[in-house]
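Please consult the sequence and the coordinates alongside the text.

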Amino acid sequence: MRRNDTGGHPMRFLKLKEVMEKTVLSRSAIYRKMNEEDFPKSVSLGDRAVVWLEEDVVNWMEECLLNRDR
């Protein structure tokens, strides 16, 4: 089971549209990066219900900034 390390904030799932808005990546770029193992994997909640853990997406964004500054 995954621990909640979000500073006391509840874990939150993001739908594809929210991930696209948060990262400014297109749908195809998100799935391409997932296939290249360069983006957090989605979580299936059942038929046609796919989400991402917000913490994973934020961590990915922070890693992008760290890579930029190297």
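Which residue in β3 stands opposite valine 43? Valine 51 in β3 stands opposite valine 43.

## Basis of the model

This is a predicted model, in which local features need pLDDT of at least 70 and side-chain atom pairs count only at pLDDT 80 or more, whereas totals for chains, interfaces and linings use all residues. Residues are numbered from 1 along each chain as its sequence is written, and side-chain values use heavy atoms, with hydrogens and water left out.

## Sheet and hairpin

Helices (H or I, at least four residues) and strands (E, at least two) are DSSP runs, numbered from the N terminus. An open sheet is formed by 3 strands in the order β1-β3-β2, with antiparallel pairing; two strands pair if DSSP finds at least two bridges between them. β1 (13-15) and β2 are the edge strands, each pairing on one side only. From one strand to the next, the twist averages 45 degrees.

Strand β2 (residues 43-46) pairs with strand β3 (residues 49-53) over 3 bridges in the antiparallel sense. Glycine 46 has alanine 49 in β3 as its bridge partner. The hairpin of β2 and β3 has 2 residues between the strands, and arginine 48 takes a positive phi near 60 degrees there.

## Helix packing

Axes are lines fitted to C-alpha atoms, for helices over the stretch in contact, and angles run from 0 to 180 degrees between N-to-C directions. The axes of helix α1 (residues 16-23) and helix α3 (residues 54-69) come within 11 Å and cross at roughly 20 degrees. The two helices, α1 and α3, are therefore roughly parallel to each other (angles under 35 degrees count as roughly parallel).

Contact means heavy atoms within 4.5 Å. In α1, Val19, Lys22 and Thr23 meet Glu54, Val57, Val58, Trp60 and Met61 of α3. By class, this contact of α1 with α3 has 5 nonpolar, 1 polar and 2 charged residues; Ala, Val, Leu, Ile, Met, Phe, Trp, Tyr, Cys and Pro count as nonpolar, Asp, Glu, Lys and Arg as charged, and the others, Gly among them, as polar. Helix α1 also lies across β1 and β3, running at about 90 degrees to β1.

Phenylalanine 39 is placed in the loop between α2 (27-35) and β2. Phenylalanine 39 has a relative accessible area of 5% and is buried (under 20% relative accessible area, 1.4 Å probe, protein chains only).

Not counting residues up to four places away in sequence, phenylalanine 39 touches Val19, Thr23, Leu25, Ile30, Lys33, Met34, Trp52, Val57 and Trp60. The C-alpha atoms of phenylalanine 39 and asparagine 59 are separated by 10.0 Å, with the two residues 20 residues apart along the chain.

Note on methods
Parallel < 35°, antiparallel > 145°, perpendicular 65-115°, else oblique. Buried < 20%, exposed > 50% of the residue type's maximum accessible area, 1.4 Å probe, protein only.
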